[in-house]
Structure formats: C-alpha cells, structure tokens
Amino acid sequence: MLNYLKINNFALIENAEAEFSGGFSVVTGESGAGKSILMSSIELLTGGRVDKSGIRSGCKSYTVSGEFSIPETLIPEISGMLDSAGIPFPADGEEAVLNLRRCVSNTATRNFINDVPVGAKLLADIGGRLIDLHGANEQISLTVPARQLELLDNFGDLGDLRNECAAHTAALKALAREKEAFESDLPDADEADRYSLIAEEIDRISPGENEDEELGAKQRLGANARTVLETIGELTGLLTENENGIADQLGSVYHALGELQRIDDSLTGDALEECSQLQRAVSELSGRLAAMTEKVELDPESLAVIEARLSEIHTLKRRYGPTLEQVFITRKKAEDCLQKFKDAQNRRKEFVEREKALNNALVQAAEKLSAARKKAAGDFLHSAREKLNSIGFENAALDIVFTPVPPGANGSDRIELLFNANRGEELRPLRKVASSGELSRVMLALKTVLADADAVPTVIFDEIDMNIGGETANKVARELHTLGKKRQILCISHLAQVASRADHHFLVQKKTIGDRTVSEVQKLDDPAPELARMLGGGDSALRHARELLDSLRKS
C-alpha cells in the first residue's frame, strides 16, 4: 500500500507531499491543475518511463519518492527479489516497509530502494507488484494474456495444478541439460579408437607408482658406479685403512692422553673417554661407507635395462604427462570415456524412457489444469458479466477464448479476454479496446471480481468516469467503494457521484506564487466545497453536496 508520496520540481509541482490510507481515495481538481502530474509521479516511482522534459523550469533535476507497506502475501516474493539484489529486507518483527526514490536530471537517472542504488528493471519489477495503474495510455496488466491466465488460475485456486505442470517442465529441462552434458562429453568412434590406443600403450608399459623416481635414482647410481666406488675407497682409506689415517692418529692421541693421566689424572678429565668415542665413531663411519659398495653394481647390462625402462616411462610422460601422476589420470579418463562409449546406447535408451514418462506426466497434469481452467472461466465470466451490467454495460459481451499450446510450465492453454461494449459488435481482444474510459470501467469490473485473486495491493484508475453520468456514475462509485474494502484504490475523477463515495479526498489545485505557477496537493477534511464545484458551483450546489454526503454516511 502506498503510504506517502513526495514530489520535488516535477512539472508544475515544486514541492508536494501526500499521506495516503487504505480504502478508496479520490483525486479531483480543475482541468490542467496537475492531477495527471500526480499520477505520472506514481507511475515514474514504480518503474515507468522517465521524461526528462518534466524537470521544472529553472531546476536541474526532479525527485519522486514514496513509502510502501508490503502486505504479508507479497513479502516472500519481494524479499526474495531484494535478497537477490543484495538489498536487506526488514527483519521478522519489523514493519515491512520499502522506500522507493527516483532522481532525474538532464544527464542521468538514479533509482533507489531503501537508499540502495538499483537498476530501473528491479524498480519496475518491484513497482509492478505494488501498484496497478490504469490510465489513458498505460500498459494495463490485465490486458496481457499471460497475466489473464495467471489471474484466472488464482481465481480458480489452481495453484497446485499449475505448480505440478511447472515441476514436470523443470524436470524435463533438467533432463535435457543432463542429456546435453552426456552427449557433449561422449567420444565419437574416432575418439574412442584414440582412447583405446592410449589405454593399450599405457597398459603395455604399465608403470608403477613413483617408478620413474626410483629408476632414476638407480640409473644415476649405476652410471656413476666407478666414481662412487673409488670415492668410497678413498674415504675408508683416510678413515681407517691407510697408514697414519685418522684412526691411527686418534690412537696416538689416546696414547698421549694416557701418559698425561698417569702423571696426574686431573689433567685429562673426560678427554680420554671423548677420544675413545671418536675412535669408535670413525670406525663405524668407515664400516658404513664400506657397506655402501654392496649397493653399487658395475653391470652394464643391468644399467641398460634400467635406462630402457626409463625411456619408455619418459615417453608416456612426454605424451600424457608431464608427470607420471598425470599419465595415470589420462589412463582413467580413457577408461571412463571408453565405458561411456560402450554404454551410450543404453544411456540414450534410458533418456528416451525418462523423457517419455515426464512428457506423459506433463500432458496429464496440463489436461487436468485445462479442464479446471475452463470450469473456473465459466464462473469468472458469470460474475464479471454481472459486474459489467451493474456499471452501465447492459449490452456488453465478455468471453474467454482458449487456444491450445504445447504443454509447459503454465499448462497447455493460452487465453485471451474478448470484449465488446455494444450489442451487435464483434468481440475483440480486451487489449484492443479503443476507449480508455471503457477500458478503465472494464478493469474496474474485472478487478472487483478478481479482488481476492490479485495480490497487487494498490490500484489506480484514471479517466474511469469518462463519458458516463447519472445512474451509471453511481454504480461505478459503489463498485470503487466496494473494491476499496479489499484494496487501496486511488482514482482521478471528474464526477461528484464518484468523489462523494471516497473514504479520502485529495484536491489538486494550481496557484500563482510570485511570477511562478505551482500545483499543490491537499487532503480535504471537508470535501463538500469541492463537490459543489464539481456540481456546478453556487449555494444550491453546496447544499446538494452536503445532502449527498449526509445520505451516504447514513447508508
């Protein structure tokens, strides 16, 4: 529901504010006073087309802002839309309120929801769920066949059947994606032959885990065997085997330390034991070095076998590597692709069977939904025709034409509302009704019938009383007041009969301040003087207006 509207520097409006309530509100004023500017501001605020020529003369920009209360029925949908855009929604327990704002200059248009910059599309998507505006040249939601179908389903409480169709359609789309992924990843015959050769080559060589590193170490040792043996011989000689080697020299040191100890054992301390430990360490090191020679073979044939094996493994790594781990991954990929190729026929058969089952389920669900829609359409048309008759369309005709379409998320129907206002004329699509006044009154009748089905909380009618009067005007007024019990209704009116039925009355009037003309919006506590003006003016009109208001209050 629209709670508050503020307009700055838009056309004739310099600064205007209005607080709105629920129920039926009427906007009146002289022709040219600025009522259309008020409606254009609301349309702009909810995503309508930007008109930069609306910038007030002498100003650089204009701003329109408004506060909306979100009904519980719309909270899940709107909070989801805002969450996707990264805009926080009031937490549980807080009032569900949104602030929308548009700032328009000659160079840019900026859009905001709760002070967060947003794109025009999101603003329009949110606005379209909050306000349904019916004016002379507006896009009327109820004239769109897809919207008509949605509202008929809501009217007939067919959401479960429609959701069933949507679920089957979603499952078919998921199956199509799965099938597409399978086919795109499936090797053809040439690719299968190539993978088969790859698997055979890798299996023929059959490398072991880390075999390249282990053979590389053996190859380096074998290729340098003579150098290794010579180096070990030199080291063991220096340590223990050569005359005057380290072991001999440590023996001499040990002997000298013993002589010192005999003279005075306080001189050597632990030195004799440390020297003994060094002798043992040298001897053990020499032994370990000597043992290394057992690992070294001076066997050219064994070395050739190792090098040949390494060459095979390096070939695999060059073709399918660069690492041996990558070779194993390639072998697994070849195995998987070959298995897919072998299983392709069975998988395709499985896809066909699953698709057939889902299509059958979708067709059955769509048939049930179509039958239910046709029953609901009969009930809807009966109620709508009664409403049309009650607001002055005694000779009008209304019908719904069903056109079969391929089953999908919305079932297997396309519908179109057909209408004519005068007996003997051809029924035409509602979207092609020429008279905006007629169209607004048709919208009023349909909105009244669909009041419980349509979730849009605010409906705005412009020119709904064009070319009507007398009892028809009274009937239209009663319907607006009735609809206002379930929705917030805003209506621009030129008829006192309509305005007198309003719960809230707003007057738009033009004034001259200094050398500038401005339009102002005022909520009337006493609408009688304005109703008198609409009735022609004068004392008798004022008395008539007060009598009219008194009679309505008592009724």
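Start with helix 3, residues 120-130. Helix 3 lies across strand 4, strand 5, strand 6 and strand 7, where contact means heavy atoms within 4.5 Å. Helix 3 runs at about 50° to strand 6. Axes here are lines fitted to C-alpha atoms, for helices over the stretch in contact, and angles run from 0 to 180 degrees between N-to-C directions. Helices (H or I, at least four residues) and strands (E, at least two) are DSSP runs, numbered from the N terminus.

This is a predicted model: local features need pLDDT of at least 70, side-chain atom pairs count only at pLDDT 80 or more, and totals for chains, interfaces and linings use all residues. Residues are numbered from 1 along each chain as its sequence is written, and side-chain values use heavy atoms, with hydrogens and water left out.

Six strands form an open sheet in the order 2-1-4-5-6-7, with antiparallel pairing. Two strands pair if DSSP finds at least two bridges between them. Strand 2 (13-19) and strand 7 (116-118) are the edges, each pairing on one side only. On average, neighbouring strands of this sheet are turned by 15° against each other, direction ignored.

Strand 6 (residues 109-113) pairs with strand 7 in the antiparallel sense, over three bridges. Pick F112 there: P117 in strand 7 stands opposite.

Now go to helix 1, residues 35-45. Helix 1 lies across strand 1 (2-10), strand 2, strand 4 (61-69) and strand 5 (97-105). The angle of helix 1 to strand 1 is about 110°. Eight of the eleven residues in helix 1 are buried, so the helix is mostly covered. Buried means under 20% relative accessible area, exposed over 50%, partly exposed in between (1.4 Å probe, protein chains only). Select K35, I37, L38, M39, S41, I42, L44 and L45 to show the buried residues of helix 1. After helix 1 comes G47, with a positive phi near 100°.

Last stop: the largest cavity, with a volume of about 80 Å³. A cavity is a set of points, on a 1 Å grid over the protein atoms alone, where a 1.4 Å probe fits but cannot get out; lining residues have an atom within 4 Å of a point. Grid points are joined across faces, edges and corners, and a volume is the space filled by probe spheres set on the points. The count comes to one cavity of 30 Å³ or more.

Select the lining: L142, Q148, L151, L152, F380, I400, I415, L417, L446 and L450. Helix 4 (145-155) and strand 10 (411-420) each supply at least two lining residues. Helix 4 gives the most, with three.

Methods: On a 1 Å grid over the protein atoms alone, a cavity is a set of points where a 1.4 Å probe fits but cannot get out, and a pocket is an open set with protein on both sides within 12 Å along at least five of seven lines; lining residues have an atom within 4 Å of a point.
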